[in-house]
Amino acid sequence: MKRSCFLLLSWIAIYRATAGAEEPDLRSFLKEHCVSCHGAEKQKGKVRLDQLDLLHPTAPDRALLERVGEQLALQEMPPEDKPQPKRAAVEEMIAAIENLLALRGERISSAHEKLQRPDYGNYVDHDTLFTEPPVRKASTPGRIWRLNVDSWIAKTQDWTHTPALFRDNRNNAKPVSFPYQGPDHAFLDYANIHWFDKSTTEMLLLETEQVARAFMQRRWDPLKKNAGGAQERTIALSFNVITGRAATPEELASLMRLRDRAAKENPAEEADQLVVQAMLLRPEALFRSEFGEGEPDRFGRKLLSAHDLAIALGFAVNVAGPDDALLAALQKGNAHDAAYLASVLRPYLRTPAMRDRLLRFAQEYFEYPHAAEVFKDAKIHDYQPVRLVEDADEFVLRILDEDRDVLRQWLTSTNYHVRGMFNYHGTKIAHIRSDNGFKDYHGNYNLTEIEAGKEPHWVDMPADERAGLLTHPAWLLAFSDNQKNQAIQRGRWVTTKLLGGIVPDAPVEVDARLPDDPALTLREKMQVTRAEACVSCHKKMDPTGLPFEQFDLFGKYRTEENNRPVVTTGMLWGREVANPIEYVRTLADSKKVHQVFLRHVFRFFLGRNESADDAPTLIDMEKAYWSSQGSLKETVLTLLTSDSFLYRTP
């Protein structure tokens, strides 16, 4: 199919070129929107576009055209302060460039491919996503989605009946060998970015060997007993446990041959374990597929089968995937009826597993757990970031449990959880001593030791000092380093996660260091970002991050920096904001901020970026959010019963 589309585009390009239409169209676009900055008189970024040979482009011309197409697709050019072409014209130019390059038989590194990456979601036009389209035809491309590490661990624990598998002595799940990492500041579990290359496959072999041993210890003998001792039947039952379906005769015969070959040179138990390990390496044990079934509708969409829908929904509401009750309910009733589906799913919204899923969303969205990874010199700084992250978790969960006006509460609530001055690890409760590294915990909140108390409790913070997660010590610590605040990164978070803005990555040739002069405030050090090479990006981050200078690099409220009054002014939508409290409350009152938040909810549960066709889903999510008084659970339920979730296209 892709090859056919490529050939079709190539023939269209050839026709346009021979007709003399493509070259003038592209050249006129460049002349109107690009050459004033990239022509004979001025070459910003050392780029010149007026001399391009569009009929017979050289290799440098083709490389430059590819860069132009990418800049247009990512909406980085023309600059914001220049007249903007209509989006339809931009799309035509991108297609013209890609078609022109295709004439050379070159593999197109399409800018549209980049838009599928998790860190490029904001490039989709926001207004389009909240404007009702003429026709509703939302769907998700058919895909194979690798299980995330947490899901895989949960599945292995279920397969082996070994809850402690991959857990340490504190009952924390240890990371397995194969990596599961995405771009910074984005959700981890995206369907199109995680695969197994050679090195991760080799590591996976080691992990599955451990799982297979646990399976043999806990499951093999009971399954063999159920099979009446029959070898083939035991393997068939094991296959069903691990893959969730019955083995075909061919698959069963293949596993029996593998077992027979292994048994010639190994003890019978090792041969059986090898067969189990082979099952653990099957696609069904590592991936989930979503392609739809039946006849496509007039938009080319197919509904997910009841079984595949149960799996997709199961992983949406539980990291371990669907339970037997969900599978049975979707097989029994009409899985494609939104009302029936909602009635089945609503009880799952109140489960501990869904609570954990929503907490995970908040952790990845706000990024505050990174506080535990920020290096601070222990000889100079005395603090306990893990405890602060746990406090932030409790803050998030309280608001989730109330499930009313969720985003506003996350951004503005002054009711903070404080663990107190007692330790709760080890064999007995002990007061925090000055030599155990926890003594300054209360100081992060500007509390005295007496105010912090002994036991975990809730504290109403001063309304003029704290408001929501963005002034919580855990979030502030997450955007700091050993010496200073990271005001730029705080601003980047606000711009991308709340305002729906776009901040390109820093060019590799740019020196991103700030001056080391200790006499300067951070705001003064950041004057270097106003240089011509920096300002186009930093004007999107610095003004939205500087209000948080009200707090030091440990999240402690302050009024002075370097013995001078701390400056906390910033800019939001072209207007000055005086301090972080006014700032976050203004953000919490914004309709667009709530819409951008819903876009991130969509990405987390769909595992992909929004597209223009998803507008009906986002519109319905927004209606559900406000009609339910800001219930995040009802909003997610609307998403899980939407066409974006139910339909797949090729």
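Predicted model: local features only at pLDDT ≥ 70, side-chain atom pairs only at ≥ 80, totals over all residues.
**Entry 1: salt bridges**

I started with Glu284 and Arg245, whose side chains meet in a salt bridge at 2.4 Å, N to O. My cut-off for the term: a side-chain nitrogen of Lys or Arg within 4 Å of a carboxyl oxygen of Asp or Glu. Glu284 lies in helix α12 and Arg245 in the loop between α9 and α10, so the pair ties together parts that are 39 residues apart in sequence. For helices I took DSSP runs of H or I with at least four residues, for strands runs of E with at least two, numbered from the N terminus.

Residues are numbered from 1 along each chain as its sequence is written, and side-chain values use heavy atoms, with hydrogens and water left out.

I call a residue buried under 20% relative accessible area, exposed over 50% and partly exposed in between, with a 1.4 Å probe and protein chains only.

The count by this rule comes to 31 salt bridges. I looked up two others. Glu132 and Arg136 meet at 2.8 Å, N to O; Glu132 is partly exposed at 41%, and so is Arg136 at 35%. Asp614 and Arg608 also form a salt bridge, at 2.8 Å, N to O. Here Asp614 is buried at 0% and Arg608 is buried at 11%. I also noted a network: salt bridges with shared partners join Arg143, Arg288, Glu290 and Arg648.

**Entry 2: helix α9**

Which residues of α9 are buried? I got Thr234, Ile235, Ala236, Leu237, Ser238, Phe239, Ile242 and Thr243. The buried residues of α9 pack against α7 (149-160), α8 (198-226), α10 (249-263), α11 (268-280) and α12 (283-286), with contact taken as heavy atoms within 4.5 Å. After α9 comes Gly244, with a positive phi near 80 degrees.

**Entry 3: rings**

I found 24 aromatic pairs in the structure. Rings of Phe, Tyr and Trp (its six-membered ring) pair if their centres lie within 6.5 Å; planes under 30 degrees apart count as stacked, over 60 as edge-to-face and the rest as tilted. Phe196 and Phe287 have ring centres 5.8 Å apart and planes at 90 degrees, so the pair is edge-to-face. Phe196 sits in the loop between α7 and α8 and Phe287 in strand β3 (residues 287-290), so the pair ties together parts that are 91 residues apart in sequence. Phe287 is buried at 18%.

Tyr365 and Phe366 have ring centres 4.9 Å apart and planes at 75 degrees, so this pair is edge-to-face too. Tyr365 is buried at 0%, and Phe366 is buried at 0%.

Last, I checked charges over rings, meaning NZ of Lys or CZ of Arg within 6 Å of the ring centre and within 35 degrees of the ring normal. Arg146 lies over the face of Phe196, 4.2 Å from the ring centre. The charged end of Arg288 sits over the ring of Trp145, 3.9 Å from its centre. Arg288 also belongs to the salt-bridge network in Entry 1.
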